[in-house]
Amino acid sequence: MRVAGTSENYGTEQEHLNNVFGAHLAITALRAADGPGIEFLEYLAPRGGRPIPVDTRANDRWYWLIQLRAARATSVAAAASAGFTRTADGALGFHDSVILKDPDGHASLIAVE
C-alpha cells in the first residue's frame, strides 16, 4: 500500500461528520494497486480519549479489527517486526497471519494468501 494523500480537517462540517464537538483530524489515505482504500484518522483535538483496556477481547463491544490480505509474507513480516500466527487448516482462507496494534491499541489482521 502507498500513501495516496493526507489532509487536516476541522470545522463545523467535520464536527457534524464525527459527531464530536471541536473535532480536528489528521487523515492519511492508503491505496493498493486495486480494491478499496483505507483512511486512518488521528484526532488532534479533542485529546484525552480513553485507551483501549489491556484486557480487551474480541467479543467486547468496543473491539474492532481491520483485516487486510498480503501476497508476500516476507514483506509483511519485515514491516511488522513480529512473528506470524499459523492457521493449520486454512479454514479462514489463509494459513499465515499477523495481528498488529497501533499506539492506541487498534488491531489490524494481515493475512498472507
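**A walk through the predicted fold**

Among contacts in the protein with a separation of 6 or more, 33% are between residues 24 or more positions apart, where contact means heavy atoms within 4.5 Å. This is a predicted model, in which local features need pLDDT of at least 70 and side-chain atom pairs count only at pLDDT 80 or more, while totals for chains, interfaces and linings use all residues. Residues are numbered from 1 along each chain as its sequence is written, and side-chain values use heavy atoms, with hydrogens and water left out.

Let's start with the layout. The protein has two helices and seven strands, and from the N terminus on they follow the order β-α-β-β-β-α-β-β-β. Helices (H or I, at least four residues) and strands (E, at least two) are DSSP runs, numbered from the N terminus.

Next comes the surface. Its accessible area is about 8500 Å², with 52% belonging to carbon and sulfur atoms; the Shrake-Rupley method with a 1.4 Å probe gives such areas, and for residues only the protein chains shown count as cover. Of the 113 residues, 21% count as buried. Buried means under 20% relative accessible area, exposed over 50%, and partly exposed in between (1.4 Å probe, protein chains only).

Now look at two residues. S97 sits in strand β6 (residues 96-101) and is buried, because its relative accessible area is 5%. From S97 to L68 the C-alpha distance is 9.6 Å, across 29 residues in sequence.

P46 belongs to the loop between β3 (38-45) and β4 (65-70). With a relative accessible area of 40%, P46 is partly exposed. Beyond its neighbours within four places in sequence, P46 is in contact with V20, F21, G22 and A23. P46 and V20 are 26 residues apart in sequence, yet their C-alpha atoms are 8.2 Å apart.
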